[in-house]
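Colleague: Hello! Could you walk me through this one from the beginning?

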Amino acid sequence: SGEEQKWLVKEFEKNAKKGVDQNDLAKLLQVSRQTISKWETENAYLDVERLMQLSDLFEISLDAFDPET
């Protein structure tokens, strides 16, 4: 959902300060830099595969986003 995406994008932004930029992330996820930018601005949404890749990359459990918890 949008909340997971916003949170993961914020995690990416934290990592950007450590030398990871949109181009690096785009290469890792095999998408364009423009796609990363669209995710950041919520003009496009992550698909499940990319959401899982980002959660693995940032070592974040998707269970954290379960609205039932």
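Modeller: Happy to; here are a few questions and answers on this predicted model.

Colleague: In which order do the elements of the protein chain run from the N terminus on?

Modeller: The protein chain has zero strands, and its secondary structure comes to four helices. From the N terminus on, the order is therefore α-α-α-α.

Colleague: Leaving aside neighbours within four places in sequence, which residues is Leu29 in contact with?

Modeller: Contact here means heavy atoms within 4.5 Å. With those neighbours left aside, the partners of Leu29 are Ile36, Trp39, Arg50, Gln53 and Leu54.

Colleague: What share of the residues of the protein chain count as buried?

Modeller: A residue counts as buried when its relative accessible area is under 20%. The protein chain has 69 residues, and the buried share is 30%.

Colleague: Which element has the lowest mean pLDDT?

Modeller: The protein chain averages a pLDDT of 77, and 77% of the residues score at least 70. Where pLDDT is low, the predicted coordinates should not be read in detail. Among the elements, H3 has the highest mean, 87, while the lowest, 69, belongs to H1.

Terms used: Residues numbered from 1 in each chain as written. Predicted model: local features only at pLDDT ≥ 70, side-chain atom pairs only at ≥ 80, totals over all residues. Heavy atoms only, no water. Helix = DSSP H or I, 4+ residues; strand = E, 2+ residues; numbered from the N terminus. Buried < 20%, exposed > 50% of the residue type's maximum accessible area, 1.4 Å probe, protein only. pLDDT = per-residue confidence, 0-100.
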